[in-house]
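Please read it alongside the sequence and the structure.

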There are 2 protein chains.
Amino acid sequence: MSIVVVGSVAFDDVTSPSGSIKGVLAGAATYFSLAASYFTQVRVIAVVGEDFGPEQEQVFQKRGVDIRGIEHAKGKTFRWGGTYGDNLNEAKTDFTHLNVFEGFHPRIPKEYEDTEFLFLANIQPTLQANVRRQMKGIRLTGCDTMNYWINGARGELLETLKVVDVLLINDTETKMLAGETNLPRAAHKVLAMGPKALVIKHGEYGATIFFREGAFGIGHHPFRAPTLPIEEVKDPTGAGDSFAGGFMGYLASQQELNREVLKRALFYGGVMGSFAVERFGPERLQSLTREEIEARFQIFRELTHLD
Amino acid sequence: MSIVVVGSVAFDDVTSPSGSIKGVLAGAATYFSLAASYFTQVRVIAVVGEDFGPEQEQVFQKRGVDIRGIEHAKGKTFRWGGTYGDNLNEAKTDFTHLNVFEGFHPRIPKEYEDTEFLFLANIQPTLQANVRRQMKGIRLTGCDTMNYWINGARGELLETLKVVDVLLINDTETKMLAGETNLPRAAHKVLAMGPKALVIKHGEYGATIFFREGAFGIGHHPFRAPTLPIEEVKDPTGAGDSFAGGFMGYLASQQELNREVLKRALFYGGVMGSFAVERFGPERLQSLTREEIEARFQIFRELTHLD
């Protein structure tokens, strides 16, 4: 099976306590694609500028990612610069140049129309909903968003949530979206907005999935996947998008979508997020093997496994 | 088997978004004792004032806790007042009246001398070390501390850590004690100070145990126990002490102290912490059954259990 991802491709400048890098190929769609490519066929919809050439195309193509949906526009690719201090959970944004991304209107190539899985990375909610509506054969849609849309485009976001199966956001975003500070109660409020499942990303503490009653099987208990405490966190950028790539990519590789599969997907999300942060930019995601992924999956499983 | 706990008994005034309570029997030794009492015989060493009478004694005695080590001094019992806002992880201290606790010099009753397990709740580090040295038959010592001693009595604390088997502190305290912001690296630095194991409490995200190489068995992987996301958090006070009570109490009930036992203990810690926060003060810890504890243990286990 295959998955379409719609989102940003960017060049990042990142500084962290471990060093810095300039102009590295990044963006949500890039991290997502590379992470998901170890599980399924990935197809990207994005926009880039004239500074995106064969060198960047190869990063995707080496991982077998279909980039026929990457539109080349006049001007420069989206650029973002950020600095991490000792608290690696929060970046200080140094600059955001949207460039060609400002006028992004996702177009779905004919060749992508038979795709069954869709991930709407963090873009304007109405654009997300439009893409979802144009794709007729979708079995499952995942979606990301951020505070900027939760506060600034709430009505549009609520419309989008009605056509989304799994929403993947962090603790703060969940509380803000629900207007509720208790996390489990906030989760139930968000599920009432439309999604069948809500994945709450806890950064270095892992992630919890909450299910709507009756969705993907029976029961009402949430499920938690830990992340391994990593000794070498060089660059946290893209951890959440890589998490989404592992989670959605694994789902797209499965015939059945039941709770056991979603639990495993949550672990694979944590695995891919943990690899992403070990190097600057998406470097680590370009050179993995399925064996390395399975080995870390086992370590994560044992991290919380009682006999 | 039995366990001695040395620490504070207090009367608390607590306000949280769920309400408030005044003059409730509290303090680290109280929360610890009640939580541990479901697993083992508990013996308390503490000091109280003239305002501590039969009503308070009964709270301990109903749970079979031995209070012959509670010293009655002239004056008032330790009083603390705190307020929680929407962020339930942090209390704003409204007042701290140490009262008789200021002159606390732990004395070990003869009847406690055969005890094999010891928990040094958060008191001045030299007092902790003195108690440890006076007790000759101890198999395992657990210890808590706080920022106040890490910054203000570092030398004394480092001496204490040399005679401690398991240190239980939170993320911030671990980083501060190690002078290192990466948590796994900080953990290894703390283990080099003496303890065989370090339990790092992550609040609502559970806890991770790191082992010194070769301690309690082989292997070098840490272990994580989650906490159940709780919908009703009324009063977070005492969560850490109740965690310690569940953790140490379970250990004291076991013949062998190997890694599997320590992992289970970590889960029982999370279970007792999660019960403690459901009501104001230690009320919930007074009325539990072992069946309720086992039922929650199973829920926690399934929260992260992959088949």
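Strand β2 of chain A and strand β6 (residues 78–84) of chain A pair in the parallel sense over 6 bridges, where two strands pair if DSSP finds at least two bridges between them, and where strands (E, at least two residues) and helices (H or I, at least four residues) are DSSP runs numbered from the N terminus. Within this pairing, F11(A) stands opposite R79(A) in β6(A). The model is a predicted one, in which local features need pLDDT of at least 70 and side-chain atom pairs count only at pLDDT 80 or more, while totals for chains, interfaces and linings use all residues. Residues are numbered from 1 along each chain as its sequence is written, and chains are lettered from A and ligands numbered from 1 in the order in which they are written.

β2(A) also pairs with strand β3 (residues 19–26) of chain A, here in the antiparallel sense and over 6 bridges, with A26(A) in β3(A) as the bridge partner of A10(A). A hairpin of 2 residues joins β2(A) to β3(A). Strand β2 (residues 10–16) of chain A is mostly covered, since 5 of its 7 residues are buried, a residue being buried if 20 or more other C-beta atoms, placed from the backbone, lie within 10 Å of its own.

## The sheets

In chain B, 4 strands form an open sheet of mixed pairing in the order β3-β2-β6-β7. Its edge strands are β3 (19–26) and β7 (91–97) of chain B, each of which pairs on one side only. Strand β6 (residues 78–84) of chain B is joined to β7(B) by 6 bridges, and these two strands run antiparallel; in β7(B), K92(B) is the bridge partner of T83(B).

A sheet of 9 strands in chain A is likewise open and mixed, with the order β5-β4-β1-β8-β9-β10-β11-β12-β13, and has β5 (66–72) and β13 (223–225) of chain A as its edge strands. Strands β8 (residues 117–120) and β9 (residues 140–143) of chain A run parallel and are joined by 4 bridges, with L120(A) standing opposite C143(A) in β9(A).

## Helix packing

In chain B, the axes of helix α8 (residues 239–252) and helix α9 (residues 259–276) come within 7 Å and cross at roughly 145 degrees, the axes being lines fitted to C-alpha atoms over the stretch in contact and the angles running from 0 to 180 degrees between N-to-C directions. Among the residues of α8(B) that meet α9(B) are F243(B), F247(B) and Y250(B), and those on the α9(B) side include L266(B), Y268(B) and M272(B). Residues are in contact if their C-beta atoms, placed from the backbone, lie within 7 Å.

## The two chains

At the interface, 31 residues of chain A are in contact with 31 residues of chain B. On the side of chain A that touches chain B, α7 (183–191), β13, α9 (259–276) and α10 (290–304) of chain A each supply at least two residues, and the largest share, 5 residues, comes from α10(A). Because 100% of the interface residues of chain A are also interface residues in chain B, the copies meet through the same surface.

Terms used. Two residues are in contact if their C-beta atoms, placed from the backbone, lie within 7 Å. A residue is buried if 20 or more other C-beta atoms lie within 10 Å of its own, exposed if 12 or fewer, and partly exposed in between; C-beta atoms are placed from the backbone.
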